[in-house]
Amino acid sequence: MTEPLLDVRGLTKHFPVTSGVFGRVVGQVRAVDDVSFELSPGETLGLVGESGSGKTTAGRAILRLIEPTAGQVTFDGTDVTRADANTLRHLRRSMQIVFQDPYSSLNPRLRVLDIVGEALEVHGLTSGAETERRVAALLARVGLSPSALNRYPHEFSGGQRQRIGVARAIALEPKLVVLDEPVSALDVSIQAQVVNLLLELRREMGLAYLFIAHDLSVVRHLSHRIAVMYLGELVEVAPRDRLFSAPAHPYTRALLSAIPVPDPKRRRQRIVLTGDVPSPLNPPSGCRFHTRCPAVMDRCRVESPPAEEVEQGHAVRCFHAEGERGDDWYRRVSERIERQVAENAAESPAPKPLALPDDVGAPAEHHVAATPRRPLPKPVRWLLARPRRRRLALAAALLASFIAGGAFGRASREREALAEIKLLRAEIQEYERVTGSLPATLSDLGWRLPPIFGGLEATDPWGRPIVYRVRASRKVDPAILEPDRFLVLSLGRDGVPSRDDLGWGGR
Amino acid sequence: MTDAPLLTIEDLSVTFRTGAGLVRAVDGVTYDLRHGETLAVVGESGCGKSVTALAVLGLLPPHSADIPRGSIRFDGEELVGAAPERLRRLRGNAISMIFQEPMTSLNPVFTIGDQIAEGITLHRGLDAEEARERARELLELVRIPAPEQRLDEYPHQLSGGMRQRVMIAMALACRPQVLIADEPTTALDVTVQAQILELLLELQRELGMAILLITHDLGVVAETAERVVVMYAGAVVERANTLPLFERPRHPYTAGLFLSLPRLDREGRDLKPIEGTVPDPLHQPSGCRFHPRCPFAMPVCRESVPELRERQAPGSPPHLSACFYVDEHPDADLVAESLSRETPEPPTAAEGFA
C-alpha cells in the first residue's frame, strides 16, 4: 500500500461528567476508545455504528474540531494532534467536513456566496469578483444555478442545502472530506441525488472520504472499506465485499441481518439482539458487546478481546476469531459462533408465549365508563365540604390567590431565566468575537456550570435571525426551567435582552 | 380473514388554512384496510400519509384543517363529521395509534404505569388497582424486563426502544381492531428496529388486529406488509399487493423510488435518483403532480389528472395505478425504461424553490 493519507492511532476521546456547582468530575463518558485505522488517498472508509457508538465523535476528533484525549492522528505526514494553530489552519485546507443536519449547519444570516466563499477568502485564495466566479463554478459543480449566490439558506430544500454544504467542503480542493451522516436527514429520492454527487466528486477530484453513517446500504454503495463501531470501539474492519460476505463479529452479523431488504420474496431469519446499546458512561467490562451478544462466553465478561487480523485488511475484535486465519477461517469462526449461540440458547429459558390478559382479551366493545373515576382536585373537594353559603366567597378567594400565585411565580421564574440568558448571551458574543464563529455546544464556551443547561444548538424555528434552543438538563431546578423544555433565546440585532427574546417551548 | 373491509377511506380530501394560502395536504385518497392484514402506506415527507391517519382518528387540528369531501368508515360507521364524543370512544379503544417519536408522545410528568392505566380506566372502567395490574401485564406482553419496577418510572428513564414498547403497550391496552403505526421505527437504531418490527408482527399474529403501517422505508414494507399504497403529493399513485408492486411497479414514481435505493442485495448498480424535489404544497403542479420529475411525462400529463386504473386481468389481485403513460403502454417495464430515459426538462435544482 502507498503512504496513507490519514493515519489514526489509538484515538481516544473521553468526556468528563461533572456534578455540582464547581464542576467536580464524577465520571467519564468513553465516547471513543483506542480507535486505529488508515485511509489512502482517494479511498472511502465507511464508519458504521448505532447512535452512541462514537462514530461522530471520532470524525470530529480526527479533524480536531474536538480535542482528542489521547492517540495520534497523522494527515499527509503531519501530526494533526500536536499541530499548533497555524499549522492546523493550513491543514484544514485539505481536510473538510459535511454535517448531517442541513438545517443547522448553514448560518441563516449569510448568503450562499458568503457561506461557500468564506473559506476561499479566509485562506487568501481569492477576493471580490474572483470569489464570486469561483463560488458560481462550485455551485454549478454541485448542481445549483448561479441564481443561488445571493439567496439565504432558508430558501432551499434539504437536498439543496446539503449540496451547499458539499460546495463549501470542496471549495478549497481538499484531499479528505469527513461526511457525517450527509444523507440521513433527506428523503429517499433526494438521498440518491446527493450520493451520486458525492461519487462524481470523488471520481473527478480524487477525494478521500471518511463516510460516517448508520445506514449500511448507503455505506456499502460508497465505501471501499468499512469499519464497524460499537460503544466507542472498532469491532470489525474489512474491505467492503468481505464485510458483507464474511462478517465475523457477532455484532456485525446481527447488524447486517437487522437491515430490512426491499425484496418481499426474501423473508430471512433475522438475528434479533436483545436489549439496547448500553450507556457509554461505565461501559460493560470485558468485551463491550457481551451484554447483548448471542454467542457470549464466560471469558467475554472479564477479558477484552484483542483485534485479530483474520485475513489481509480484515480485523475482528472477538474471542471467537482468536487465532483464526488462513484458508477456511470464516467457516471455522462461523461454526464457533453458531455452536456457542446454540449452547447459550439451550441454557436460557424459552420466552413466554404472548397472550393478552383475559379481560382485555375479550372482543373490543366500544364502551366507555359512565364517569371516569378520577378524584376531583383537592381544593375542589375541600370547597365542596364547606357550608353552601360560604362556598361562593371561598371560591372567589381561592381563585384570586391561585391567579396571583401563578403570575408571581412565573414572573420570578422569568427573571431568573433572563439573568441566565444575559450571562449566556455575553459568553456567546465573546466567543464569537474571539474565534469568529459561533459555538456549537456549551462546552465550546468552556462553561463550568453544565447542570444549568444541557446543550446548545443553532437552529431557527421561526425564521428569526438566529436562535439558540437551550435544553434544560435534568438537574436544572424546575423552578427555572422544567425538564424536557427549551429555553428559546434569540440574539436579536438590538443586543438588549427583552421578554421577546425569551420563550418557552416543549419537545 | 373476511373480505369486508374494516376501515374504508374513500375520496378523502384534507385542506389546511395557512397564512400563505390553502394547502391541499390530501386530495382524493381512497384505500381500505381489511381484518387482520398489514397495509403499508409509503411516501416521502409531505405526501399526506400521516395526515390521512390523523383524519381517521379525528386528530386534525380543529382550527386550521377541513375535510371538504370524502368519507372514512370504520366497521360501517361514518367517522367524518362524527361527534367528538364518539371519536373519543373509538380512539385508543377500537382504533389506536403509535407515533414516530416515542419521547414526544409520552407525557414526561406522569409515570409509565399512570399513562398506560389512563386508557384502561377511561375505556374499560376499571379502578386504579385493577388498571395498574393490567398495565403490568401489558408491559410483560411487550417484553419489557422488570415490569413491576418500570410502572413507577418516568419516560426519560427509558431508552428509545423501551419507550416505543411502552407506546405499543398503551396502544394495545384495549385490544384495538386497528393499529395505526406512524413510522414506528424511524427514530430507532437498526438492531432495535428489528426488535420492534418482530414484536409488532408477533402481536398481530397473536391478537389478529389490522395494522396500518405508515413508513418511508421500502425495506420495512417488503418485510412486513401484505398490501401497499404509494402516495405522492397528497394523492395515491399506486395500490397493489406487496409482491407484484415490488416486482413490477406500475407507476413511474414507484419505479423511481426503487432505483434511488442502494440495495444490500444487489451490487454494482448505479443509483438513478428521481430528479428535482417534492413540489411545494402551496404550488402543486397542474395535471399529474409527478409530471415535472417524471421521465415518462407526456403533454397530456401537464393538463389532466390521471385516474387510478386497474392494471391486472380480472381474477388476479387488484393492482391500480394512476398514470397516462401506463394507460398507453400497459406492458411497459417502467424500471428498465427509466434507466434509459432522461427527465424531459430536468428541473435544475434552482427551480425547485420559488
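A: Here is the sheet, strand by strand, and then the chain around it.

This is a predicted model: local features need pLDDT of at least 70, side-chain atom pairs count only at pLDDT 80 or more, and totals for chains, interfaces and linings use all residues. Residues are numbered from 1 along each chain as its sequence is written, while chains are lettered from A and ligands numbered from 1 in the order in which they are written.

The open sheet has four strands in the order S2-S1-S4-S5 (chain B), with antiparallel pairing. Strands here are DSSP E runs of at least two residues, and helices are H or I runs of at least four, both numbered from the N terminus. Two strands pair if DSSP finds at least two bridges between them.

The edges are strand S2 (21–34) and strand S5 (77–78) of chain B, and each pairs on one side only. S5(B) pairs with strand S4 (residues 65–74) of chain B, antiparallel, over two bridges. Arg73(B) stands opposite Glu78(B) in S5(B).

Helix H1 (residues 49–57) of chain B packs on this sheet. H1 touches strand S1 (5–18), S2 and S4 of chain B. Contact means C-beta atoms, placed from the backbone, within 7 Å. The direction of H1 makes about 110 degrees with that of S1(B). Axes are lines fitted to C-alpha atoms, for helices over the stretch in contact, and angles run from 0 to 180 degrees between N-to-C directions.

Now the surroundings. Chain B has 14 helices and 12 strands. Its C-alpha atoms fill a box of roughly 65 × 45 × 45 Å along the principal axes.

Definitions and conventions. Two residues are in contact if their C-beta atoms, placed from the backbone, lie within 7 Å.
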